[in-house]
Structure formats: C-alpha cells, structure tokens
Amino acid sequence: MNYIVSIGLEVHVQLRTKSKMFCSCDTGYGAPPNTHVCPVCLGYPGAMPVMNKEAIRMTVLAGMMIGSEISTYSKFDRKSYFYPDMPKNYQITQYDKPFCDGGAVEIMVDGKPKTINVTRIHLEEDVGKNMHFRGSSGVDFNRAGIPLMEIVSEPDMSSPQEAYDYLTALKQIITYTDISNCNQEEGNMRCDVNCSIRPEGQTELGTKTELKNLNSFKAAFHALEYEIARQKEVLEAGGEIVQETRRWDPDTFETYSMRVKEKAHDYRYFPEPDLMPVVLDMELVEEWRSGLPELPEVRKARIITQYGLPEYDAGVLVSEKALADYFEGAAELSKNPKAISNWVMTEVLRFLSEKEIEITELKVMPKALSELVSLVDDKTINMTTAKEVFAIMCEKGGEPAGIVKEQGLAQVSDDGVIDAFVKQAMAENPKSVEDYKGGNKAAVQFLVGQVMRMSKGKANPQMVVGLLMDLMKG
Amino acid sequence: MGIEISSLTVHGALDALSGGECSSEELVRDVVAEIAKRDAEVGAYVSVDEELALEQARAADAARSAGKCGRLLGVPIAIKDVLNVEGQSCTCGSKILEGYTSPYDATAIAKLRAEGAVFLGRANMDEFAMGSTTQNSAYKVTHNPWNLDCVPGGSSGGSAAAVAAGEAIAALGTDTGGSIRQPASFCGCVGLKPSYGRISRYGLVAFASSLDQIGPITKNVRDAALLCEVMSGVDKMDSSSMDEPIPQLAVDLPADLKGVTLGLPKEYFVDGMDDDVRRGVMAAVEKCRELGAEIKEVSLPHTKYAVSTYYIIATAEASANLARFDGVRYGKRAEGATDPIDMYGKTRAEGFGAEVKRRIILGTYVLSSGYYDAYYLSAQKVRTLIRQDFEKVFEDCDALLAPVTPSPAYRIGENLDDPLQMYLGDICTVTANLAGICGLSVPCAMTESGLPVGLQILGPAFKEENILKVGHAYEQARGDMPLPEILKR
Ligand SMILES: [Zn+2]
C-alpha cells in the first residue's frame with residue numbers, strides 16, 4: 001500500500017540579541033555554568049521581566065521575510081509546567097496573539113517550487129540546560145531567558161527531504177536577515193517535528209507523533225525516515241498509531257516513546273500580568289521593513305539579469321548573504337562580472353574552506369578583487385600572476401596594482417625583450433625547433449614554456465606564440 | 001533622652017534629628033528597646049537585625065554631620081517580610097523561603113535607602129500575603145496592640161502592629177486586596193495603598209501581580225505622603241510602573257475641604273455592618289462636611305461581584321507566581337525525594353501552609369482548560385466593569401468615603417475554619433485593587449470595646465493628592481486619637 005506522509009515543524013531559533021529576552025544578561029555561548037544569570041532569569045522571588053525590544057524587531061523581520069501578517073496587537077502569556085530547567089516553572093511565551101501570523105517558505109521539489117505554509121511566528125524565552133553527573137544533577141541557567149523565536153509550519157511537507165530542504169531554506173532566510181547565527185552545534189536552531197501517514201485516498205490526516213529536540217537538520221531527516229518506516233510497519237501489521245511524543249536517539253538511529261499523550265497537556269495559559277500588551281507602531285514597522293534584505297530567490301533572479309550570469313553561478317553566490325554581498329561589492333565595480341563570479345566560486349571559496357574562515361574575514365576586499373580582474377583583462381598581468389597576487393592579498397590584504405608594481409610582476413609586452421627571450425629559447429633548444437619545422441606543431445608549447453620560465457612568467461603569452469611561429473616559419 | 005518613641009512620627013523624628021535632639025543611632029536603640037519591651041507579646045517582627053540597623057544609623061549620622069541630607073536620613077522603618085532587602089532574609093511568612101537571602105534590593109527599598117532610611121527588621125505577615133489576620137504566618141501569630149486577644153488584620157499585620165505598638169516609627173506594607181488598609185484600620189494607623197503603577201513592584205515577592213502594590217503604614221497622613229513620594233516613580237525594571245508626575249504630596253496639604261466633593265458609595269455600607277463602625281464612619285463624614293466638603297451619595301453597582309472577581313484573579317496569578325518555589329534554586333528543599341517531581345511535591349507540601357495551598361489549588365482550577373472562560377475570562381470582564389464604575393463616579397467626586405471593613409478587629413481564631421466568611425470581610429477593600437485606584441485608611445473612631453475604626457478614602461488612579469488632602473484635613477479636625485494601653489505599661 002502507498003502512504004501519504006504529512007510533516008509539520010516547530011523550529012526554535014535563538015535570536016542574536018546582545019542581552020536576554022527579559023533581563024540584561026549576556027547571551028554569549030560557552031561561558032562557565034551559571035555565570036550569565038541574574039535574579040530575573042533565575043526566577044528569584046520578586047524579580048520581574050522587562051521586554052527586549054530588539055528581539056521583537058527581529059521576530060517581526062523574520063515574519064516580513066516570509067510574508068507573515070504583522071500583528072498590531074500582541075501579548076505575552078504564561079505557560080505553566082514544572083521542570084527543573086524552567087526557573088519560574090512557567091515560560092513566558094505567546095499563546096493567542098503572536099507577533100506574526102501566516103507566511104510561507106518556498107522549496108524546490110523535483111525541480112518545481114513547492115510552498116510550505118507557516119502558521120505563525122512567536123517569541124518566547126529559552127530554558128536552562130539540565131546536566132547529569134555521577135550521582136547528582138545540576139542546571140545551567142546561562143541559556144535560560146535567551147530570546148527564542150518559534151516558527152510553526154503547517155503539515156505541508158511530505159518527505160524527510162522536504163523537511164530538510166525547508167529547514168535549509170529557513171536557515172538561509174534567517175541568516176540573510178542577520179537575526180540569528182543558526183549555528184546548529186551551539187543550539188541556535190532546534191526543532192520538534194510532527195509526522196503522520198495515511199493510506200493514499202484517505203483525506204483526513206492520520207494520527208501524528210511528535211519527535212522532540214532534534215538538534216540538527218540531519219537528525220530531523222534521519223528521525224523522520226525512521227519514524228515514517230516505523231509507522232508504516234505498525235499500520236501494515238494491522239496496528240494503530242498512538243499519539244505520543246517520541247525521542248530520537250542519534251546513537252541507535254531509532255525513536256523511542258517518551259510519554260503517551262492521552263490528551264493535550266494543560267499548560268493553563270493566561271496573559272502575563274507583569275508585561276503590558278505590545279501595540280506595534282505601524283510607522284515603525286514600515287521603517288523596519290524598508291531595511292529588509294532581499295530574499296535569496298529574488299536576489300538570485302536579479303543577479304542573473306543584472307550581471308548576465310548563468311543560473312548555476314547565481315545559485316552558488318546567493319547561498320549565503322555575505323557571499324552575495326561580497327560578489328556584488330566586486331561586480332558593481334567591474335566590467336567583467338562573470339570573471340568576478342569565477343574568482344569567487346573557485347579561488348575565494350577554496351581559500352575560505354581551506355582556512356575554515358568566513359567570507360567576512362577574508363582580507364581580499366571586493367574592490368581589490370575587481371581591480372585584480374581588470375589587471376588581467378587589460379593584460380597587465382596574466383592569470384598565473386593574478387593567482388600569485390591573490391595569494392599575497394589573502395595573507396596581507398592590500399590592493400593588486402601596488403603589489404604588482406612592488407613585486408615587479410607586470411606582464412612583459414615589450415617586443416624587443418620578448419624577441420630576445422624567444423631567440424635565446426630557439427638557440428638553446430635546436431631540437432624543438434627542428435621538430436616543429438618537421439611538422440610537430442606541439443613543440444611550440446615547449447618553447448613557450450621556456451620563454452615564460454626565462455621571463456619569470458611575465459611575458460605576454462600571445463605575443464610569445466606569435467613571434468615563435470613567425471621566426472620558425474622562415 | 002526626651003523623645004517619646006510611641007507617638008513619634010517620621011516628620012517628628014526628622015525634626016529631632018536635624019535639630020540635634022537625638023542621633024539616628026540613639027533613635028534606633030530606643031526603638032529596639034521598645035521592641036524588646038513589647039514584641040514578645042505583640043509578635044510584630046519575624047526578625048530584627050539590630051547590628052545592621054545600627055550600622056545604617058551610624059552611617060546616617062555621619063552623613064548628617066558631613067552636611068549631607070536625605071528625605072528620610074536616619075529614620076528607622078520596619079519592612080514587611082515580602083520585600084527584598086539585599087543581604088537580608090525574606091521569608092514571606094513561609095517555611096518555603098527558609099534560608100533564602102535576598103541578593104538584591106527591591107526598587108522601593110533602594111529609593112528609601114538612597115534617602116537615608118534605616119531598615120529595622122522584617123515585619124510578620126500572612127504567608128505570601130494571603131490572609132487578613134496574620135495568623136497564616138508560618139513563624140508566629142501577631143497580636144493587636146489594642147487588644148492582644150484580637151488579630152491585627154493582615155496581611156501586613158506585623159507592619160501595622162509594629163507602628164501601633166511603638167515598635168517602629170513607620171513601616172512598609174503591601175496591599176493586594178486590602179492588606180495595608182485593613183490592618184491599619186484594625187490597629188489605629190494610617191495606611192496608604194497607592195495607585196497601581198505608582199510604586200515599582202520590582203523586588204516585591206508577587207502574590208497577584210496585577211493587584212499588588214507597596215505602600216506605607218504610618219502614624220499620620222503626612223508621613224504616609226512622604227514615604228509614598230519617596231518610593232514613587234517609573235522603574236525600568238517594572239513594566240507596569242507608570243511614568244506619572246509625582247506631586248509634592250507631603251507639603252501641600254490644606255486644612256479645610258472647601259470645594260471638594262466626596263461621594264458615599266451606598267454599596268459599601270452593607271447589611272450586617274458593625275454599628276460602631278457605621279457610627280464612626282458617618283461621624284467622620286459629618287466632620288468632612290463641616291470642613292466644607294460637599295457630600296453626595298453615589299453608586300458602584302458592580303461592587304457585589306468584587307469579592308468573587310478578586311478571588312479568581314488573585315488566585316489565578318498566585319498559582320503561577322508561586323510555582324517558582326520548588327526547592328531547585330533557593331529556599332527549602334525537602335529531604336528524601338526520589339526524582340524531581342517527588343522533590344516538588346514534598347517541598348511544596350512541607351513548605352506551604354494551608355491557606356496558600358488552598359489558593360494555589362483555586363487558581364490552578366480557574367485557569368484549567370474548560371474552566372478558563374467561565375472563571376478567569378469572566379472575572380476580567382467584571383473587573384473592567386468595576387473600573388468603569390469608579391471612572392463614572394470620579395467624574396463628579398474628588399474622592400469617596402467608606403468603611404475599610406464591615407467590622408473592627410475580631411478575636412484570634414475566629415472564622416479561621418470558615419474561609420468564605422473571612423473573604424467577605426474584604427468587600428470594601430478589594431475594589432481599589434481591581435480598579436487600580438488609590439486608597440487611604442485613617443483612624444476615625446473607637447468602638448465601645450476599645451478597638452480602632454478606620455475611615456477609607458478612595459481616589460482616582462494617580463490622584464493620591466486628593467485622598468491625602470482629605471485624610472490630612474480630616475485628621476487635623478479629628479484631633480488626637482488615644483494610644484493603646486500596652487504603651488502605657
Ligand atoms: Zn538575567
């Protein structure tokens with residue numbers, strides 16, 4: 001029997017604000033346990049939350065990027081449940097009035113675009129981290145209170161690959177907007193997935209299970225693959241799917257049951273009395289909107305037309321906002337955008353991956369790259385020299401014309417100088433000259449190589465070939 | 001030394017200090033001596049930190065001789081045990097906060113500290129401010145200085161008893177449904193509940209966040225005005241604090257009430273009200289008329305729903321506010337738990353008293369899915385109607401006059417097994433919290449059995465000057481009230 005799979009995702013994204021959601025504690029990662037804490041984020045008696053407005057702005061930006069409706073009136077609510085990592089034993093979140101309603105993210109399925117609908121985006125506070133030691137447990141509250149944006153999708157995905165692609169697309173959009181680092185190792189982006197299957201032909205969704213705390217896109221992919229197979233097996237054996245929460249074990253590659261959800265947990269939501277409702281000034285919201293970056297897909301299309309690049313190039317360049325910014329920074333100054341693109345996709349990316357650094361850390365500025373391309377185009381240097389100059393700039397920065405001059409790397413196009421090199425090469429290699437004259441046309445390449453060696457790579461190769469052939473004709 | 005502590009006011013103490021009649025250190029020693037004399041009987045304090053108070057007093061004296069001033073420089077004040085003072089305990093009258101030391105100052109405390117106030121000790125209270133008798137404290141029962149067999153009221157009963165028994169010059173209380181005004185009335189003190197948002201709640205351990213407010217319990221209206229003024233103001237740590245101008249409350253208090261319109265809300269003069277209370281309040285009303293006020297009867301028609309509305313909202317908020325007391329991070333942790341859930345259960349079972357448990361269960365119930373609309377949501381709607389009732393009468397009235405409670409202080413142990421009867425005693429006070437307006441309790445009479453009766457003066461939100469003017473003018477015309485017998489012993 002064939003089954004239709006329905007997958008929905010709740011993606012939690014830590015926003016990259018300087019301070020926590022409701023206090024002024026630092027949000028930095030990796031500090032010793034319980035050093036980024038205060039009475040507010042530890043839930044001490046009498047402490048009160050104060051909203052981080054920057055987190056609200058970031059959440060609204062995310063909503064704008066995916067076409068959400070931005071709520072003029074939103075509020076925070078308390079969600080009550082007891083857990084040691086929750087300082088107040090209620091989480092401040094948004095229940096029925098989130099900042100962003102609706103929205104959509106596009107992914108490609110079999111070469112065709114598919115829309116994944118987003119239900120809402122709301123803002124809440126992250127919880128602490130339980131730690132277990134031999135014979136005791138502890139809680140690190142450094143993470144507690146970091147602003148956490150939750151993006152809830154409709155169950156629109158029908159395969160683990162689609163879920164993976166949706167996560168990738170979300171990450172691209174979020175990093176484009178510069179509101180989160182989306183670093184999966186540091187737990188910036190985590191997700192819960194829910195998944196159900198139903199026999200083909202059945203319209204209502206099957207019973208869903210929820211998989212909690214998937215810390216990477218790969219984990220989401222594998223957990224879903226396992227879970228779908230497990231559900232199929234249950235149904236084919238004549239069984240029924242139990243609505244429950246399951247945990248993914250990345251070591252065994254299996255999901256296992258955490259607790260059966262007989263009915264929804266009663267979180268006893270009610271409006272947070274310590275915070276006033278948020279009435280967003282729409283003029284301010286429009287001001288934020290005007291600062292929005294272009295969506296990756298839109299930018300890709302524009303780059304194709306504006307710079308006359310192949311679709312493949314544009315796709316690579318927009319994969320990361322900073323990379324696209326770098327490319328455009330150079331291409332805008334250049335008469336040869338395709339050459340810029342070639343440089344970025346080969347030399348630049350290779351250097352970044354070798355050194356494991358970000359494009360923003362590259363010492364070769366976009367302007368320098370565009371100048372380097374011009375030097376090649378006007379034949380001041382050849383490609384070999386250009387790569388040398390690029391390597392120098394990677395180490396020390398600087399601008400290419402200066403480096404070429406300093407190091408005497410300019411291409412030699414002087415007839416007299418080249419003439420002398422060519423004659424010397426012919427005199428030192430009479431056998432090659434004879435071979436050429438005897439019909440072995442490839443022998444000319446050897447002689448070109450000799451000339452280039454003598455000129456330390458600076459001779460204009462076209463001139464060398466022309467002169468050699470002229471002289472050997474006679 | 002010629003200072004009579006039992007009737008010493010804040011203003012009196014400031015005059016004595018600036019006139020060089022005494023030092024702050026002497027003042028603190030005298031007050032501590034009064035505490036030593038009487039507190040075994042009264043039970044106003046959970047703890048007194050004499051050394052720390054003397055240290056602050058000496059610092060105040062040094063500051064004064066260095067020519068520095070402060071609006072409360074050197075004046076010792078009792079603090080209700082629900083306000084965080086850095087380095088001190090803060091039990092909230094509960095076993096569950098045993099061993100907890102505040103790592104920070106509440107904003108109101110920081111403001112008092114900045115003006116040079118000295119913090120004497122921690123005043124007893126009903127556990128987590130839940131109660132109107134101070135019998136719900138896990139530490140001790142506080143007795144009414146006027147009659148030790150009677151309750152001092154609550155939940156700020158320790159604060160009111162301390163002021164009435166001469167064990168403090170003034171005190172801080174908190175008022176969620178009458179917890180400043182009612183004990184002030186029972187103990188013959190002045191009690192001010194400022195408007196919601198007037199004084200930052202940061203550092204006040206929350207009972208019901210949308211109702212709680214810090215305020216002073218003092219020996220006269222002018223002192224209450226001064227303390228309120230010092231603590232007022234918007235605070236970036238409390239989003240519900242309001243950026244309203246702070247009038248010079250303590251200085252500009254006239255002696256008559258010409259041109260003032262005062263309303264008498266008929267719903268507050270309930271059937272079954274104590275005769276002495278009715279007589280006392282009506283005599284005060286007449287006094288205000290003599291002072292030039294126009295008196296008119298008004299109606300607040302939704303008053304009859306106020307008590308049930310209050311108990312739904314207050315318990316709902318409390319059920320979440322008190323969830324943090326779990327034994328994980330501070331305070332008491334029960335022994336012998338096998339897992340976190342067991343630890344929560346045992347810690348909370350051992351740490352909370354019966355009334356707190358009752359209210360947590362009530363609050364959990366009214367927020368439960370399926371009941372939320374019928375209880376919490378309906379209560380919020382009624383709350384709006386109650387607020388609108390006040391807005392309407394304040395169109396024509398500068399303030400309202402009413403009793404604080406239907407009866408004077410009752411005997412310790414009375415009604416203890418009948419929480420519903422106890423809750424009904426809050427009928428005249430909970431409305432001000434629900435509406436966010438300000439209220440003042442001023443002693444106005446003595447019952448035949450020798451217990452004080454309070455006059456309640458209610459004013460529009462952020463119009464503290466209205467009620468303080470009426471209170472002060474009335475207080476001047478009323479003349480001195482007697483002192484409790486216990487002070488003469
Ligand atoms: Zn913090």
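A residue is called buried when its relative accessible area is under 20% and exposed when that area is over 50%. In the predicted model described here, helix α6 of chain A has five residues that are named as buried, D313(A), A314(A), V316(A), L317(A) and V318(A). The cover over these buried residues of α6(A) includes the helices α2, α5, α7 and α8 of chain A.

At least two lining residues come from each of the elements β7 (104-109), α2 (160-177), α5 (296-307), α6 (311-318), α7 (321-331) and α8 (337-355) of chain A, and the most, eight residues, come from α2(A).

The overall form of chain A may be considered next. Chain A contains 15 helices and 17 strands. Its radius of gyration is 30 Å, well over the 23 Å that the globule rule gives for 474 residues, so chain A is more spread out than a compact globule. Of the 474 residues in chain A, 49% are buried. When contacts in chain A between residues at least 6 apart in sequence are considered, 67% of them join residues at least 24 apart.

Chain B has a secondary structure of 15 helices and eleven strands. The radius of gyration of chain B is 21 Å, which is close to the 23 Å that the globule rule gives for 489 residues, so chain B is as compact as a globular protein of that length. Its C-alpha atoms fill a box of roughly 65 × 55 × 45 Å along the principal axes. Buried residues account for 63% of the 489 residues in chain B, and among contacts in this chain between residues at least 6 apart in sequence, 76% join residues at least 24 apart.

Individual residues give a more local view. V444(A) belongs to helix α14 (residues 443-454) of chain A, and because its relative accessibility is 7%, V444(A) counts as buried. With residues up to four places away in sequence not counted, V444(A) touches Y436(A), L468(A), M469(A) and M472(A). The C-alpha atom of V444(A) is separated by 7.5 Å from that of V465(A), although these two residues are 21 residues apart along the chain. In chain B, G336(B) lies in the loop between α9 (306-321) and α10 (340-351), and because its relative accessibility is 59%, G336(B) counts as exposed. Apart from neighbours within four places in sequence, G336(B) is in contact with D342(B) and K346(B); for G336(B) and K346(B), ten residues apart in sequence, the distance from C-alpha to C-alpha is 8.6 Å.

Some features of the backbone were also noted. Phi of N89(A) is near 60°, a positive value in a residue other than glycine; N89(A) is found in the loop between β4 (77-80) and β5 (90-93) of chain A and, with a relative accessible area of 0%, is buried. E356(A), likewise a residue other than glycine, has a positive phi near 50° and is placed in the loop between α8 and α9 (366-377) of chain A, but E356(A) is exposed, with a relative accessible area of 72%. In chain B, the peptide bond from G154(B) to S155(B) is cis, with omega near 5°, and S155(B) has its place in the loop between β3 (118-123) and α5 (157-164) of that chain.

Technical notes
Residues numbered from 1 in each chain as written. Chains lettered and ligands numbered in written order. Predicted model: local features only at pLDDT ≥ 70, side-chain atom pairs only at ≥ 80, totals over all residues. Heavy atoms only, no water. Helix = DSSP H or I, 4+ residues; strand = E, 2+ residues; numbered from the N terminus. Rg over C-alpha atoms; globule rule 2.2 N^0.38 Å. Buried < 20%, exposed > 50% of the residue type's maximum accessible area, 1.4 Å probe, protein only. Contact = heavy atoms within 4.5 Å.
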